[in-house]
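Open the model in your viewer and keep the selection tool at hand. This tour goes from one selection to the next.

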Amino acid sequence: MEHDLFEPASPGQPTDPHRRTTLAALLALTAAGLAVPASSWAQAAADRPLRLILPVSAGSGVDGVARAFGPALGKSLGRAVVIENFPGAGGITGTSMIVKAPKDGSALGMVSNNHAVNPSVFKNIPYDAVDDITPITVIGATPFVLVAHPSVAAKNVRELIALAKAQPGVLNYGSSGNGTILHLAAEMFVHEAQVDIKHIPYRGMGPLTADVMGGQIQLAFIAVAVAAPHVKAGTLKAIGLSSTTRSPLLPDLPTIAEQGLPQYVLDGWVGIVGPAGLPKAEAERIYQGVRTALAVPEVRDALLAQGYQLQPTAPDATVAFFRAEVARMAKLVKQSGLKID
């Protein structure tokens with residue numbers, strides 16, 4: 001486990017020494033059978049750092065969002081933020097910790113598309129992807145780019161489909177691994193375009209990107225922030241964008257939907273969740289804190305540079321979004337023919 005600490009607003013202000021023992025005192029009162037006012041528990045929770053649990057490794061895309069966003073979130077909520085990385089089992093290890101966290105707002109999680117994918121690719125997940133968490137907000141989303149090695153004789157979606165249909169089973173695409181969102185992005189394209197393109201799984205976006213640039217594989221979906229510099233340098237050819245709108249990082253690149261596959265839309269999203277049972281008022285307070293943090297110019301600029309469009313959703317809308325995404329990913333997994341592990 002790795003962690004980092006961001007200080008809350010006004011760190012220069014003196015700290016009340018009595019605050020350090022608030023929680024211990026409340027626990028002692030509870031153990032003695034004495035009633036403790038709910039407001040006192042809320043104050044005790046506020047005195048502790050906010051743990052932001054990430055079910056991914058340091059240096060990943062989600063980790064980059066957290067580290068750009070964490071200091072401002074700490075300031076908006078008036079408490080320190082500790083980022084903790086718990087990678088493993090496709091995100092199940094870290095998400096299990098989120099599910100088991102206290103229900104007082106002292107621990108939250110930052111999850112992505114894999115949270116919605118995992119129920120369809122793993123048999124024995126020790127939690128329900130919606131009912132065992134409190135979805136609070138989806139911070140924003142970033143598109144993927146369908147890229148090709150420059151030697152591929154197609155410069156847009158229509159030409160790629162024609163090429164694939166003329167040579168069924170000859171073209172190949174790489175992904176960041178079986179059951180990952182980049183795998184499903186490609187399988188969704190194959191299904192919508194009704195073409196036969198072979199899948200070659202990799203271990204992560206880094207080796208995937210290197211091999212499509214080197215010509216070992218011909219096609220891949222990769223994050224727009226990763227693709228943009230290589231496309232501009234001419235070492236990768238951009239075929240189409242996965243979102244409904246064009247990206248400022250590649251403003252001249254049409255979406256796949258624009259190019260003849262109108263149903264094709266798939267973004268990479270990042271959301272904030274808590275454990276199930278988080279009080280509604282606390283979820284709303286955290287959501288408002290997220291909105292405040294995202295309004296900080298430095299934060300917005302950092303996340304826009306990572307390709308994100310920032311449109312934080314309210315808690316009620318976030319619950320509906322999570323349910324819809326779990327169902328949608330289940331359909332994609334079934335279409336792909338993936339076997340459940």
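**Stop 1: the largest pocket**

Select helix H5, residues 113-121. H5 gives 5 residues to the lining of the largest pocket, the most of any element. Keep in mind that this model is predicted.

Now show the pocket itself. The volume of the largest pocket is about 1300 Å³. Its lining has 46 residues, and Ser-112, Asn-114, Ser-176, Thr-180 and Ile-181 are the closest to its centre.

Then colour the lining by class. You get 21 nonpolar, 22 polar and 3 charged residues.

**Stop 2: helix H4**

Select residues 92-99, which form helix H4. Is H4 largely enclosed or largely open? It is largely enclosed by the rest of the structure, because 6 of its 8 residues are buried. Buried here means under 20% relative accessible area. Pick out the six: Ile-92, Gly-94, Thr-95, Ser-96, Ile-98 and Val-99.

**Stop 3: the largest nonpolar core**

In soluble globular proteins, nonpolar side chains tend to be buried together. Here, the largest nonpolar core has 70 residues. Select Val-145, Phe-189 and Phe-221, which touch the most other members. Then select helix H7, residues 181-193: with 9 residues, H7 gives the most to this core.

Zoom in on Phe-189. What does Phe-189 touch, leaving out residues up to four places away in sequence? Its contacts are Leu-146, Val-157, Leu-160, Ile-161, Gln-194, Phe-221, Ile-256, Leu-261 and Tyr-264. Show the rings of Phe-189, Phe-221 and Tyr-264 together: ring pairs link them into a cluster.

There is also a second, separate core, with 30 residues. Val-62, Ala-68, Leu-73 and Leu-310 are among them.

**Stop 4: a cavity**

Stay with Phe-189, which also lines the largest cavity. The structure holds 1 cavity of 30 Å³ or more. The space in the largest cavity is about 50 Å³.

The largest share, 3 residues, comes from H7. By class, the lining has 9 nonpolar residues, no polar ones and no charged ones.

**Stop 5: aromatic pairs**

A pair of aromatic rings is described by the distance of the centres and the angle of the planes. The model has 6 aromatic pairs. Select Trp-269 and Phe-322, a tilted pair with 5.2 Å from centre to centre and 55° between the planes. This pair links distant parts of the chain. Trp-269 sits in strand E10 (residues 267-275), Phe-322 in helix H12 (residues 315-336), and they are 53 residues apart.

Are these two residues buried or exposed? Trp-269 has 4% relative accessibility, so it counts as buried. Phe-322 is at 2%, so it counts as buried too.

Phe-321 is partly exposed, with a relative accessible area of 27%.

Note on methods:
Residues numbered from 1 in each chain as written. Predicted model: local features only at pLDDT ≥ 70, side-chain atom pairs only at ≥ 80, totals over all residues. Heavy atoms only, no water. Core = buried A, V, L, I, M, F, W, Y, C linked by side-chain atoms within 4.5 Å. Buried < 20%, exposed > 50% of the residue type's maximum accessible area, 1.4 Å probe, protein only. Helix = DSSP H or I, 4+ residues; strand = E, 2+ residues; numbered from the N terminus. Contact = heavy atoms within 4.5 Å. Phe/Tyr/Trp six-rings, centres within 6.5 Å; stacked < 30°, edge-to-face > 60°. 1 Å grid on protein atoms, 1.4 Å probe; cavity = no way out; pocket = protein on both sides within 12 Å on 5 of 7 lines; lining within 4 Å. Points joined across faces, edges and corners; volume = space filled by probe spheres on them. Nonpolar A, V, L, I, M, F, W, Y, C, P; charged D, E, K, R; others polar.
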